[in-house]
Each structure stands twice: as structure tokens, then as C-alpha cells.
Amino acid sequence: MKTENQKAWFFVLPVLLLVAFNALIPMMTVVNYSVQETFGDNVFFWQGLDWFQQILRSDRFHAALGRQFLFTFLILIIEVPLGIAIALSMPRKGFWVPVCLVLMALPMLIPWNVVGAMWNIFTLPDIGLLGYFLNHVLGINYDMTQDPVAAWVTIVTMDVWHWTSLVVLLSYAGLVSIPDAYYQAAKIDGASNWSVFRYIQLPKMKTVLTIAILLRFMDSFNIYTEPFVLTGGGPGNSTTLLSIDLVKIALGQFDLGPAAAMSLIYFAITLLVSWLFYTLMTKDDQN
């Protein structure tokens, strides 16, 4: 009987300790604050589930959660089809392959706060290049600091510009991994471009698309830096996503108990929806 080498655990141990320090310990701190109240000096008072009940019954929480789901929905229905379309149009061989890959990767290399600052300056109605062009050249009344619709269009466009590249690169990796024999067989059968995409390319990209959708869901659902730098949650509360509202409660109002309860609910929703996405997209593979 072959014995297992337990020495491998020593190589994994540093990673486990790092994860425990960076994730588990802060998580336990949040759980501690979510069931207690404090007025400073490390004096805590037991609250039980009061903060959770307060958050779940709050109209403010429901409004912010609705805006967060709307933002994520718009991002997914735009970025996933757009990313696939761009990947399909990219060359598979030749000099332009590395050029296209580098150009696709460039937006993702820019730090999140810089992206928000860039788009803030870019879209200002009077001095921003895009804002000035829309207002004074095309005659469109565009002002993201005053118009909620303009603010929403701006933050969605910013995220599409920043993160569609991720879907493109993952889809492209799935496409180049398809053997040429599939295309040759389709050509012999006289299959149309749509048939090739539907029955060959799309099924072969299923794994990478699952990863892309999960990554884009989790990132867009927990996004904070870019929209906060760009709009600050305004005008009014029109772009105050759940992540921005959480920071306002925790740092702006310093309500640590409600903020901790909200963060745990936020985490649970993200985990649940991610699991549902994964289960639905891998359902056929498990049968």
C-alpha cells in the first residue's frame, strides 16, 4: 500500500497562515462587531442580531442593493457579448497577435483610482474632452454631476472600457485552444459562420466564459474605487452602490455595528449568487 507524503503540508502551511492573517482574522473581527455595540475604549455591549434586522429592514439598504444589482447586470450583458465579439475578430496568427494582446491588456494595468480620476477629468462638462465635445460640439446636454442618467452612463462606460479586456483575453484563450480539425470538418460540411460559432466555438469556450462571468460578477458587484472617485455616489444618491454606502456607514457615520452586519450580508449575497452562477453554468458538465 502506497503511503502519502505528508511533508507537502509544510509547503502549504505558509499560504494557510497568510490566508488566516489576511482573511479569517479580519472576518472574525467583523463578526464580533456585527453582534455588539461599542462606544470606544474597547467597551462592548451585546446586541445579538439587532444590527442584521435593522439592515435587512432598511429602505436605504434595499435601494443601494438594487443599484448594485442593476450595475452588475448592465456590466455583464454588455461586457460578455462585447468581449466575445472582439475576441472573434482578433487574428490567430502573425505579427498582429502580440500587438492586439498587449493593447487589450493595457486598460487592466491602470490602477483603479487612476481610472476613476482619468474619467472624472475626461467627462467634466466644461473642461473635459468628452464633456466639452458632447455639450459644445454635438449639442447634447451632458453633465454627470447633475444628471443621474448621465452619471450612470458614465460609470458603466468607464467599467466597460476598463474590464472588457479581461473577457476578451479569456475568450481568446478559449478560441486558440480549439483544434483546427473542428474547423476543417465544419468547412467540409458547409457550415455557416453562425453554425461554427454556435456548435464549435461557444461550447469550447464554456469553461473560460464561466470564469470570465464569475470574475466580472464578483468584481462589478464589489466595485468601489472607480465609481467613488468618479461620482462620489452622486448626484444625490443615484450612483451610491452598496459598496459606497457601506463605506459611508462605516467611516462616514462610524456606525461599526451596522456596517459590520451589512458587510457580512454583502459577503453572503456575493457568495450565494456566485455559487448559483457556477452551478447553472456547469450543470450540463456535472450530468
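At 9% relative accessibility, Thr-270 counts as buried. Buried means under 20% relative accessible area, exposed means over 50%, and partly exposed lies in between, with a 1.4 Å probe and protein chains only. Thr-270 has its place in helix α13. Helices (H or I, at least four residues) and strands (E, at least two) are DSSP runs, numbered from the N terminus. Leaving aside neighbours within four places in sequence, Thr-270 is in contact with Phe-217, Met-218, Phe-221 and Asn-222. Contact means heavy atoms within 4.5 Å.

The model is predicted: local features need pLDDT of at least 70, side-chain atom pairs count only at pLDDT 80 or more, and totals for chains, interfaces and linings use all residues. Residues are numbered from 1 along each chain as its sequence is written, and side-chain values use heavy atoms, with hydrogens and water left out.

The protein as a whole comes next. It has 14 helices and 2 strands. Along its principal axes, the C-alpha trace spans about 80 × 75 × 30 Å. Of the 287 residues, 38% count as buried. Contacts between residues at least 6 apart in sequence were also examined; 68% of these join residues at least 24 apart.

Helix α13 also meets helix α3. The axes of α3 and α13 come within 13 Å and cross at roughly 35°. Axes are lines fitted to C-alpha atoms, for helices over the stretch in contact, and angles run from 0 to 180 degrees between N-to-C directions. The crossing of α3 and α13 is right-handed. A crossing is right-handed if the near helix is turned clockwise from the far one by less than a right angle, and left-handed if anticlockwise. On the α3 side, the contact is made by Phe-61, Leu-65, Gln-68, Phe-69 and Leu-76. On the α13 side, Met-262, Ile-265, Tyr-266, Ile-269, Val-273 and Phe-277 take part. By class, this contact of α3 with α13 has 10 nonpolar residues, 1 polar and no charged. Ala, Val, Leu, Ile, Met, Phe, Trp, Tyr, Cys and Pro count as nonpolar; Asp, Glu, Lys and Arg count as charged; the others, Gly among them, count as polar.

The crossing of α7 past α10 is right-handed. From α7, the residues in contact are Asp-159, Trp-163, Leu-166, Val-167, Leu-170, Ser-171 and Gly-174. From α10, they are Val-208, Leu-209, Ile-211, Ala-212, Leu-215, Arg-216 and Asp-219. The contact of α7 with α10 divides into 9 nonpolar, 2 polar and 3 charged residues.

Arg-216 lies in helix α10. At 1% relative accessibility, Arg-216 counts as buried. Its side chain makes a polar contact of 2.6 Å with the side chain of Asp-159. A polar contact is a pair of N or O atoms within 3.5 Å; within protein, one must be able to donate a hydrogen and the other to accept it, and residues adjacent in sequence count only if both atoms are side-chain atoms. Beyond neighbours within four places in sequence, Arg-216 is in contact with Ile-75, Leu-76, Glu-79, Asp-159, Trp-163, Leu-166 and Val-167.

In helix α12 (residues 242-252), the buried residues are Leu-242, Ser-243, Ile-244, Asp-245, Leu-246, Ile-249 and Ala-250. These buried residues pack against α3 (59-89), α11 (225-231) and α13 (256-281). Just after α12, Phe-254 takes a positive phi of about 55°.

Tyr-183 is found in helix α8 (residues 180-188). At 25% relative accessibility, Tyr-183 counts as partly exposed. The side chains of Tyr-183 and Gln-201 are joined by a polar contact of 3.3 Å. Tyr-183 and Val-196 are 13 residues apart in sequence, with 7.6 Å from C-alpha to C-alpha. Phe-45 is found in strand β2 (residues 44-46). At 40% relative accessibility, Phe-45 counts as partly exposed. Not counting residues up to four places away in sequence, Phe-45 touches Val-35, Gln-36, Glu-37 and Phe-39.
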